[in-house]
Amino acid sequence: MILKHLGHNRRKEHGFTMVELLVAIAITAVVMAAVYTLYKTQQDSYIAQDQVVEMQQNVRASLYQMARDLRMAGFNRLRAPNVGGFLTQLPDDGSGTTTTNATNIAFTIDQNSNGVIDVDDDDEQIAYRLENATGALQKFRVSDDTWQTVADNISALDFVYLDPSGTDITANVIASPTTIYASTNLPYIDSIRSVELSIVARTGRIDKSFGGTPAYFNQQGTQILAALSDNYRKRLITTTIFCRNLGL
């Protein structure tokens, strides 16, 4: 009786048909594709936001350092003549002298208040530039005549020089070069009281889902970076820095 009962149960067992298996596989594939798509979208969004955060931190840190130095431009506690202020030319790093202009800047600070600008003091002779080939914001070290990277992934750097009335005198500053490290005694460069600083930073990696960026302009309406379809996300930060030690 037992054997007959077990045999009867086996005869009532049924498997899946081929159609049922195919339907189950198709449903599973659709579900997995939806899950993967959702995961990929979230992962791409996370990576993009992480890149944007890193970019913003990078540009803000650069802006902070440059603003801190610029505020001290011209510091001269002893009021010694021809000490402290903007230079019309950058230090010579062996590749030629670069004239101070809208993308380069150089100035001095009598940091130790000894009445002179020390030749090899990195805190007293300061210069910044953008190395276009690498996208590196660099600061000059007079102690060993080298340019040190302050920030990477910088697409544009722009300086606008303003006189006491807030008038843009950048063109006049560029047109008035003088010998390196010499006292300026120029009406235009000695009239600088504030500097409008603009930085355009980009992400470290391209985002193929992001087409590109429009042109960027400084506060004077001058284009500092053309529109690009390079798949990089970018951010512009601009501020005006008052040089509190000049014109006193």
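How much space lies in the second largest pocket? About 200 Å³.

Some ground rules. This is a predicted model, where local features need pLDDT of at least 70, side-chain atom pairs count only at pLDDT 80 or more, and totals for chains, interfaces and linings use all residues. Residues are numbered from 1 along each chain as its sequence is written, and side-chain values use heavy atoms, with hydrogens and water left out.

Now the layout. The protein has 3 helices and 10 strands. Those are DSSP runs, numbered from the N terminus: helices are H or I with at least four residues, strands are E with at least two. Along the sequence the pattern reads α-α-β-β-β-β-β-β-α-β-β-β-β.

Next, the inside. The protein has 248 residues, and 37% of them count as buried. Buried means under 20% relative accessible area, exposed means over 50%, and partly exposed is in between, with a 1.4 Å probe and protein chains only.

The largest nonpolar core has 34 residues. Such a core is a set of buried Ala, Val, Leu, Ile, Met, Phe, Trp, Tyr and Cys residues joined through side-chain atoms within 4.5 Å. F86, I105 and V195 touch the most other members. Among the elements giving two or more residues are helix 2 (18-71), strand 2 (104-108) and strand 7 (194-202). Helix 2 gives the most, with 7 residues. A second, separate core has 6 residues, including L87 and F140.

F86 turns up again. With F107 and Y161, F86 forms one aromatic cluster. The structure holds 3 aromatic pairs, meaning Phe, Tyr or Trp rings (six-membered ring for Trp) with centres within 6.5 Å.

R202 lies over the face of Y232, 4.3 Å from the ring centre. For Lys NZ or Arg CZ, "over" requires being within 6 Å of the ring centre and within 35 degrees of the ring normal.

Back to the pocket. A pocket is an open set of points on a 1 Å grid over the protein atoms alone, where a 1.4 Å probe fits, with protein on both sides within 12 Å along at least five of seven lines; lining residues have an atom within 4 Å of a point. Its volume is the space filled by probe spheres set on the points. Lining residues include K40, D44, R205, D207 and R233. The lining divides into 3 nonpolar, 3 polar and 5 charged residues.

Last stop: D144, in the loop between strand 4 (136-141) and strand 5 (146-151). D144 is partly exposed, because its relative accessible area is 38%.

Methods
Ala, Val, Leu, Ile, Met, Phe, Trp, Tyr, Cys and Pro count as nonpolar, Asp, Glu, Lys and Arg as charged, and the others, Gly among them, as polar. Rings of Phe, Tyr and Trp (its six-membered ring) pair if their centres lie within 6.5 Å; planes under 30 degrees apart count as stacked, over 60 as edge-to-face and the rest as tilted.
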